[in-house]
Amino acid sequence: TQSTLTITADSKTKVIGAIDPVFTVTYSGFVPGEDESVLAGVLRFDREAGEDVGSYSITPSGLTTDNYTITYLNGVLTIANNDLEGLDVSVTAIESLEYTGLPLEPTLELVFGSQPLVLGTDYTITYTNNTDAGMATVTITGIGNYSGTIEATFEITPKAITVTGLTGDNKTYDATTSVLISGTAALSGVEPGDDITLGGTPTFTFSQASVGEAILIS
């Protein structure tokens with residue numbers, strides 16, 4: 001009578017988006033001195049359809065022999081999340097932003113290999129210290145078919161404001177660039193809701209020390 005030979009598909013793993021690995025089998029039940037070379041036919045595999053994260057059956061078949069009753073056992077292909085951390089994920093288009101008094105969110109373009117990622121489908125983002133001038137952090141967390149987190153930084157630059165209301169008083173020639181300042185200082189360009197109090201004594205440099213009209217240069 002025929003001996004029993006078991007052919008089991010080996011379980012495999014890949015990350016989503018990758019091609020399937022090479023499928024293989026393990027043999028159990030050959031009599032001493034024999035191996036798969038005594039089998040006829042072509043070993044083939046049918047893989048359960050699907051490319052999302054999950055588990056898919058691998059079914060071997062195709063081999064025959066007169067001396068063995070062949071039992072095929074399925075294996076499992078596991079499709080895992082892509083891990084953003086440590087893989088080739090590029091974060092581009094993080095620009096410097098100017099302070100506005102409100103939380104700032106730069107333009108983000110994430111690419112996994114050559115595949116653009118979609119906010120809300122592939123990842124979420126959170127921000128740290130993204131209101132005041134300085135360095136802010138964006139944390140990118142994979143969801144759906146992606147896992148892990150990566151971080152990137154961007155800069156919030158101070159906003160330029162203008163001091164108005166100060167003028168230099170006329171004076172009699174004294175070969176110096178000193179001058180008395182009159183008027184009340186005021187600021188323009190301050191964002192609504194910000195309260196800035198001016199302090200200290202303003203200092204200025206003028207363009208000439210000779211008779212004539214001097215120009216304020218700083």
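Modeller: Contact means heavy atoms within 4.5 Å. The model we are looking at is predicted.

Biologist: Why is Leu 117 called part of a nonpolar core?

Modeller: A nonpolar core is a set of buried residues of kinds such as Leu, Val, Ile and Phe, joined through side-chain atoms within 4.5 Å. The largest such set here has 18 residues, and Leu 117 is listed among those with the most contacts inside it, along with Leu 84, Leu 110, Val 138, Ile 140, Phe 154 and Ile 156.

Biologist: Which elements give two or more residues to this core?

Modeller: They are β11 (109–112), β13 (123–128), β14 (134–142) and β16 (149–157). The largest share, four residues, comes from β16.

Biologist: What makes one face of β16 the covered one, and which residues are on it?

Modeller: The covered face holds Ile 150, Ala 152, Phe 154 and Ile 156, while Thr 149, Glu 151, Thr 153, Glu 155 and Thr 157 are on the uncovered face. In a regular strand the side chains alternate between the two faces of the sheet. In soluble globular proteins, nonpolar side chains tend to be buried together.

Biologist: How do you know that β14 and β16 pair?

Modeller: Two strands pair if DSSP finds at least two bridges between them. Eight bridges join β14 to β16, so they pair, and they run antiparallel. Within β16, Ala 152 is the bridge partner of Val 138.

Biologist: Why is Ile 94 called partly exposed?

Modeller: Its relative accessibility is 25%. Buried means under 20% and exposed means over 50%, so Ile 94 falls in between and counts as partly exposed.

Biologist: Where is Ile 94 found, and what does it touch?

Modeller: Ile 94 is in the loop between β9 (89–92) and β10. Not counting residues up to four places away in sequence, Ile 94 touches Thr 107, Leu 108, Val 138, Ala 152, Thr 153 and Phe 154. Ile 94 and Thr 107 are 13 residues apart in sequence, with 5.8 Å between their C-alpha atoms.

Biologist: How many helices and strands are there in the protein?

Modeller: There are zero helices and 18 strands.

Definitions and conventions:
Residues are numbered from 1 along each chain as its sequence is written. This is a predicted model: local features need pLDDT of at least 70, side-chain atom pairs count only at pLDDT 80 or more; totals for chains, interfaces and linings use all residues. Side-chain values use heavy atoms; hydrogens and water are left out. Buried means under 20% relative accessible area, exposed over 50%, partly exposed in between (1.4 Å probe, protein chains only).
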